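Good morning, and thank you for joining this group meeting. I would ask you to bring up the sequence and the structure together, and we shall then go through a few regions in turn.

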Amino acid sequence: MSQRKICYLDNNATTRVAPEVVEAMVPFLSEFWGNPSSSYLFGKQVAKHIEAARAQVAALIHADSREVVFTSCGTESNNSAIHAALVTHPGKRHVLTTAVEHSANIKFCEYLQKRGFEVTFLPVEPDGSLDIHLLEKSIRPDTAIVSVMWANNETGVIFPLEEIAAICRSKGVLCHTDAVQTPGKLKINVAELGVDFLSLSAHKLHAPKGIGLLYIKRRTKYQPYVIGGGQEQGRRGGTENVANIVAFGRAAELAIASLSDENTRIRALRDRLEKSVLAAIPNTFRNGNRESRLPNTSNISFDLVEAEGILMLLDQAGICASSGSACTTGSLDPSHVLTAMGLKPTRSRGSIRFSLGIYNTADDVDYLLQHLPTIIAKLRAVSPVAPHNGAAVHAKHSKAAKYPITS
Ligand SMILES: Cc1ncc(COP(=O)(O)O)c(C=O)c1O
């Protein structure tokens, strides 16, 4: 694998595993590798480290440890919450969600539709915000669950979760939130939020991929989605991924310690990045509400160029970012998030997401600013859609996107 220096501006896709986290997890790969469900001490001793990690992640979200179920990822957590609501309320066959959710939610809802359930995908405003009056009106007597993300992975736009959860409570409907993009960026207090379910994924928080959690509020009816052994108090089958669980716990502990300082620093870096790009490059536009968004995310459209070209040239300079193209499909369909916000395909196809993290410094922003204006100018000079190049307004789009958004 390439060891060249990278300027990593794609922290909403995944984050570097913190050295402290690696250190914490290694003993559970090399030394304490027993099965926590075993009857002998060698296995059993591992179980207490799972519980310590559970307490650490519970502290991150201000929950009781017993309300935390470890899963394999954010996707599983989202699927599990919606599944549980439908299974425990067999008379209710409607799910209310939004058009800008991550595919971990949207695809599962589409799967449910094919199996006869009804799903409403709420539209969003041009700035990516949600009309909560519309949400309230869309709750039906047969709605089993309202599932809305807290912060959008592409734009960083934050939905007013407390208000949404209050509406759900007043209507007696379960409320789930995909909070995968929020740890380390927002303070999470499940009691204040008032949600019934909340999903997290450790790889967005400087822990490894392949571990997530589902918060299940006490006394909420639940049925497991992954059925097998009685692990996680019967709420999730499968031998525990001990090293990753320990890693998640340590990452949570680090995040609690650095939350406010890091966010102030990262927000300032992000604001400088965004302001400088918008000032230095003509015909560029920020996507998403400026105020109500994550402190680390900036989504910018560059008129008359394709994101794929920008990402390719950024990559050549060692800069990692993502485009607003569809996640994982390998197609260059415009981002469903930007489309739902009403962006024309020509504009959304030229959009890039920059997302900063704790390891970014001012040097990274300087390095981007050193390269990006030249890259855009170069691409615009040869753009088939630039009027000065005398070409048609509609560009052809390759179906084999090499640089789709990873979120
Ligand atoms: C908002 C959001 N939800 C869910 C997911 C899925 O999480 P995971 O990769 O752990 O399945 C991601 C990231 O990939 C995300 O950004």
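In a left-handed or a right-handed crossing, how does α11 pass α14? Before I answer, please note that this is a predicted model. The crossing of α11 with α14 is right-handed.

Let us stay with this pair of helices. Two packed helices are described by the angle between their axes and by the distance between those axes. For α11 and α14, the angle is about 135 degrees, and the axes are 10 Å apart. Angles over 145 degrees would count as roughly antiparallel, and α11 is therefore oblique to α14. On the α11 side, the contact is made by G309, I310, L313 and L314. On the α14 side, the residues are L368, L372, I375, I376, K378 and L379. Sorted by class, this contact has 8 nonpolar residues, 1 polar and 1 charged.

Which residues of α11 are buried? They are A307, E308, G309, I310, L311, L313 and L314. Their cover includes the helix α14 (362–381), together with β10 (297–302), β11 (319–320), β12 (322–323) and β13 (351–355). After α11 comes G318, which has a positive phi near 80 degrees.

Strands of a sheet pair through backbone hydrogen bonds, either parallel or antiparallel. Here 4 strands form an open sheet in the order β9-β10-β13-β12, and their pairing is antiparallel. The edge strands, β9 (284–287) and β12, each pair on one side only. Between β10 and β13 there are 5 bridges in the antiparallel sense.

α10 lies across β9, β10 and β13, and runs at about 10 degrees to β10. α11 also packs on the sheet, where it touches β10, β12 and β13. The direction of α11 makes about 45 degrees with that of β13.

α10, which covers residues 242–280, packs with α14 as well. At what angle do α10 and α14 pack? The angle is about 15 degrees, with the axes 10 Å apart. Since angles under 35 degrees count as roughly parallel, α10 is described as roughly parallel to α14. The crossing of α10 with α14 is right-handed. From α10, the contact involves L269, R272, L273, S276, V277 and A280. From α14, it involves A362, V365, D366, L368, L369, L372 and P373. By class, the contact of α10 with α14 holds 10 nonpolar, 1 polar and 2 charged residues.

Finally, I would draw your attention to two loop residues. H62 is not a glycine, yet its phi is positive, at about 60 degrees. H62 is found in the loop between α3 (41–61) and β2 (68–71). R219 is likewise not a glycine and has a positive phi of about 70 degrees. The loop that holds R219 runs between β8 (212–216) and α9 (231–234). Why does R219 count as exposed? Its relative accessibility is 74%, and exposed means over 50%. H62, at 43%, therefore counts as partly exposed.

Note on methods. Residues are numbered from 1 along each chain as its sequence is written. This is a predicted model: local features need pLDDT of at least 70, side-chain atom pairs count only at pLDDT 80 or more; totals for chains, interfaces and linings use all residues. Side-chain values use heavy atoms; hydrogens and water are left out. Buried means under 20% relative accessible area, exposed over 50%, partly exposed in between (1.4 Å probe, protein chains only). Contact means heavy atoms within 4.5 Å. Axes are lines fitted to C-alpha atoms, for helices over the stretch in contact, and angles run from 0 to 180 degrees between N-to-C directions. Angles under 35 degrees count as roughly parallel, over 145 as roughly antiparallel, 65 to 115 as roughly perpendicular and the rest as oblique. A crossing is left-handed if the near helix is turned anticlockwise from the far one by less than a right angle, and right-handed if clockwise. Ala, Val, Leu, Ile, Met, Phe, Trp, Tyr, Cys and Pro count as nonpolar, Asp, Glu, Lys and Arg as charged, and the others, Gly among them, as polar. Two strands pair if DSSP finds at least two bridges between them.
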